[in-house]
Every structure is written in C-alpha cells, then in structure tokens.
Amino acid sequence: MAKLFIEGGRKLKGEVKLQGAKNSALPILAATVLTADESVLHNCPCLTDTETSIKILRCLGAKVNRHGHTLVVNTKDISSDSISDSLMRQMRSSIVFLGAILGRCGRAKLSFPGGCELGPRPIDLHLEALRQMGTEITEHHGELVCCAPKGLNGTKISLSFPSVGATENIMLAATLAKGTTVITNAAREPEIEDLADYLNKCGACIYGAGEGTIVIEGREELHGTSHNIIPDRIVAATLMSAAAVTGSDIVLKDVIPSHLSAVIPVFEEAGCSVSVKEGIMNIECPERPKAWSLTRTTPYPGFPTDAQAPLMAMATIAKGTTVFVENVFESRYKHIGEFLRLGANVKTVGKVAVVQGVEKLYSSSLQAQDLRGSAALVVAALSAQGVAEIDTTKYLDRGYEDFDGVLLSLGAKIQKI
C-alpha cells in the first residue's frame with residue numbers, strides 16, 4: 001500500500017522535464033514483437049504499466065534491459081504466442097499485444113484485459129477488424145484464441161468510433177499482412193503518430209497517421225531501430241493544473257505545444273499566462289483561477305478525457321461555475337466523491353458535472369479509484385488547508401513517474417509512505 005501525505009497551500013516554483021508518454025510507450029513496446037531484432041527506445045518512463053509490458057515481452061521470449069529511461073528490447077527469440085491471465089489483467093493496454101503477436105506468429109492466445117474501471121470499454125472493434133483481416137477468433141470463458149490460418153490480409157476497415165486501441169491493433173497487425181490496409185475514422189492522437197514513426201523506422205510503410213485515414217502497405221519483415229518516445233501531454237496538463245490551483249509559476253521542458261492545443265486555451269481562459277518557445281513552457285497563474293465556460297471531452301484533437309479530472313480539480317477552487325461533459329467514458333467521475341470530502345461543490349447529472357468553485361478546500365482522507373482520478377486528488381490536495389492523506393495504491397504509479405518527487409522538486413510539501 002502507498003499513501004501520500006500532502007500539506008496544501010504552498011506555492012510551486014521551478015522546472016520539470018516531462019516524462020515520456022505512457023500511452024505512446026505501451027503500443028511501441030508491443031510493436032517491438034514485430035521486428036525479430038533489437039530496438040532501443042529512449043525516453044521510456046519508469047511506470048508500473050511499462051514494467052507490465054516488459055514482463056509480457058519477457059514472457060513471450062524477448063530480452064529486455066533498462067538503462068535509466070532507455071530500454072533495449074531484443075525480440076529475435078520470441079517463442080510464445082500467449083499471455084497469461086495474470087499479466088493481461090494488470091492493464092487495459094495489454095490488448096494491443098494481440099495485433100503484434102498475430103502479425104509475428106499468425107496466432108495468439110490471451111484473456112480479456114484489465115485496467116481502470118471507467119465503464120464499458122469493449123474490444124469488439126479490435127476483434128471485428130482482425131476478423132476482417134482473416135483472423136479466426138474463438139471466445140471461451142474469458143479467453144481469446146486467435147489464428148490466421150491463411151495469413152493476415154490487408155483490407156478496408158471503417159471504425160464506428162475512432163478508438164485509439166483498435167487503431168493501434170489494426171496498424172500492428174497490418175504491418176506484416178499481405179496487401180494494403182486502409183483504416184477510415186482512425187484515431188488521430190499524437191501517440192498514433194508516434195507508433196507509426198517507430199514502425200516506419202523499422203521498415204514499415206504507413207502514411208496518414210494523425211489523420212482520419214491511415215494506409216498501411218504490408219511488408220515481409222521489419223528490422224530494429226532507435227526511437228525517442230514523445231513527451232507525455234497528460235502529465236503536462238496535470239502539472240499545469242497543479243500550478244493553477246496553487247497560484248504558481250512553473251516551467252515545463254520538452255513540451256510539444258500542438259499536442260496541448262485543446263488544453264492551453266482553457267488555462268488562458270482561467271487567467272493563466274502560457275507561453276511555449278523551443279519546447280519550453282512557462283505558465284504563470286493568478287492567485288485564484290477564473291472559471292471557464294465548458295469542457296467537453298472528445299477524441300483528439302478535442303479535449304482529452306485523460307485531462308478532465310486534473311482540470312476539474314482546478315475548477316473546484318475557481319471563481320465561478322464550470323461545466324464538464326464527459327463524452328468518452330461512462331464512469332469517469334469517480335474522483336468527484338472525493339472532491340466533495342475536500343469541501344468542493346460539484347453536482348452531476350449523467351455525463352454532465354457542474355462545478356461551483358469555492359474559496360478554499362479543506363484536507364481529508366481520500367481514496368483513489370483510477371489513474372487520472374488519483375492525479376486529480378493530488379492536484380486538489382495541493383490547494384487544500386491542512387494535510388490530506390491519499391491512498392494511491394495501484395493507480396498513480398501506472399502513469400506518473402515519481403510524481404511525489406517531481407512535486408517535491410517544485411516546493412510542495414509531500415511525503416510518500
């Protein structure tokens with residue numbers, strides 16, 4: 001069990017280099033299975049989720065060595081096509097290994113994935129797309145047995161929703177498939193582009209990543225490469241929220257401003273001054289932020305659902321009323337009950353949350369229930385009077401590397417026990 005004790009009301013000051021993006025590192029680690037070679041991945045964050053991916057790779061027969069934030073992955077001797085139930089249950093993103101293993105081995109055996117409980121997140125889109133490519137899939141007692149007896153074949157796939165995971169799985173499976181695969185209504189997230197960049201360096205032929213239509217021309221084989229994982233835009237939004245709730249000025253390094261194009265205007269509307277030059281962001285915040293009109297989560301390039309909870313923490317102490325509409329996941333308001341313990345004024349009706357900002361929050365004992373919600377509780381506690389106790393077991397370290405250490409470096413009074 002891990003608990004954080006945070007004494008609120010302290011201003012932050014200093015600079016932070018952003019960690020590598022979790023949501024980019026995980027599919028790229030899965031993609032190494034396709035190479036039968038050695039890849040060197042730089043800026044790979046030290047997280048429990050990346051460690052789970054490493055365990056899966058080793059379970060499959062790969063050799064993985066970490067040197068700080070650099071991973072050396074050798075997948076030449078992949079000898080297994082199955083992932084144990086215990087590993088699959090540890091994170092939602094484990095399902096992305098399905099496309100990679102199928103592409104490499106022509107068959108795969110795994111169970112349904114675990115991860116944060118954010119409401120129904122069916123993998124139907126993944127499975128239907130793989131079926132269209134020639135995969136025979138049997139589902140029995142929570143286990144998926146997949147095989148492509150005649151090999152994977154390129155085809156046209158139209159997604160009913162721009163699912164990030166389904167787009168990634170199709171890309172991975174199509175890279176070594178026969179012929180050309182065209183994905184329409186594909187996810188457009190920066191992490192999709194990063195995966196395509198890695199695969200193209202390995203010899204794949206993918207174009208259109210980051211747009212609504214992605215074309216993958218199958219290749220017979222891939223080779224290893226060296227790749228730098230992009231910085232984490234959700235961690236950036238979380239740290240920006242931490243600055244806003246404490247009325248602080250901080251500097252973030254290695255920022256890609258285009259990845260935050262839907263987030264930065266919210267902070268500016270809240271009264272913060274945000275400037276980015278050559279990857280360095282300066283954010284200067286007023287003593288108390290102003291409420292903004294509306295935050296509506298949508299697939300990229302819209303406002304990211306992963307940033308909703310940290311920004312709601314900022315809204316709890318803002319001057320005025322802010323409305324949130326969560327359009328991506330059904331159960332992504334679990335942090336609100338904990339905000340109420342701090343004295344926040346939040347009302348919800350279905351997917352709508354109305355936040356009336358209060359002048360002060362007061363410390364309490366809090367229980368994290370998902371990854372981004374746990375970060376939001378930390379952000380809120382930074383502005384609360386007294387010492388808040390947060391149980392972050394299982395969640396925070398899945399997506400935030402040494403988050404308490406980062407905040408300590410900025411001047412927060414925080415202790416992890």
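Helix α8 (residues 233-245) and helix α10 (residues 308-315) have axes that come within 9 Å and cross at roughly 5 degrees. Everything here comes from a predicted model, in which local features need pLDDT of at least 70, side-chain atom pairs count only at pLDDT 80 or more, and totals for chains, interfaces and linings use all residues. Residues are numbered from 1 along each chain as its sequence is written, and side-chain values use heavy atoms, with hydrogens and water left out.

**Helix α8 and its partners**

- With that crossing angle, α8 and α10 are therefore roughly parallel to each other (angles under 35 degrees count as roughly parallel).
- For reference, axes are lines fitted to C-alpha atoms, for helices over the stretch in contact, and angles run from 0 to 180 degrees between N-to-C directions; helices are DSSP runs of H or I with at least four residues, strands are E runs of at least two, and both are numbered from the N terminus.
- On the α8 side, Ala237, Thr238, Ser241, Ala244 and Val245 make the contact with Pro310, Leu311, Ala313 and Met314 of α10 (contact means heavy atoms within 4.5 Å).
- By class, this contact of α8 with α10 holds seven nonpolar, two polar and no charged residues (Ala, Val, Leu, Ile, Met, Phe, Trp, Tyr, Cys and Pro count as nonpolar, Asp, Glu, Lys and Arg as charged, and the others, Gly among them, as polar).
- Turning to helix α12 (residues 371-383), its axis and that of α8 come within 8 Å and cross at roughly 20 degrees, which makes α8 roughly parallel to α12.
- Ile234, Thr238, Ser241, Ala242 and Val245 of α8 meet Arg372, Ala375, Val379, Leu382 and Ser383 of α12.
- The contact of α8 with α12 divides into six nonpolar, three polar and one charged residue.

**A four-stranded sheet**

- Four strands form an open sheet in the order β22-β24-β1-β25, with mixed pairing (two strands pair if DSSP finds at least two bridges between them).
- At the edges lie β22 (365-367) and β25 (413-416), each pairing on one side only.
- On average, neighbouring strands of this sheet are turned by 20 degrees against each other, direction ignored.
- Strand β1 (residues 3-7) pairs with β25 in the antiparallel sense over four bridges, and Ile6 has Ile414 in β25 as its bridge partner.

**Salt bridges**

- The whole structure contains 17 salt bridges (a side-chain nitrogen of Lys or Arg within 4 Å of a carboxyl oxygen of Asp or Glu).
- Asp49 and Lys22 form a salt bridge, with their closest N and O atoms 3.3 Å apart.
- This pair links distant parts of the chain, 27 residues apart: Asp49 sits in helix α2 (residues 48-60) and Lys22 in helix α1 (residues 22-31).

Definitions and conventions
Angles under 35 degrees count as roughly parallel, over 145 as roughly antiparallel, 65 to 115 as roughly perpendicular and the rest as oblique.
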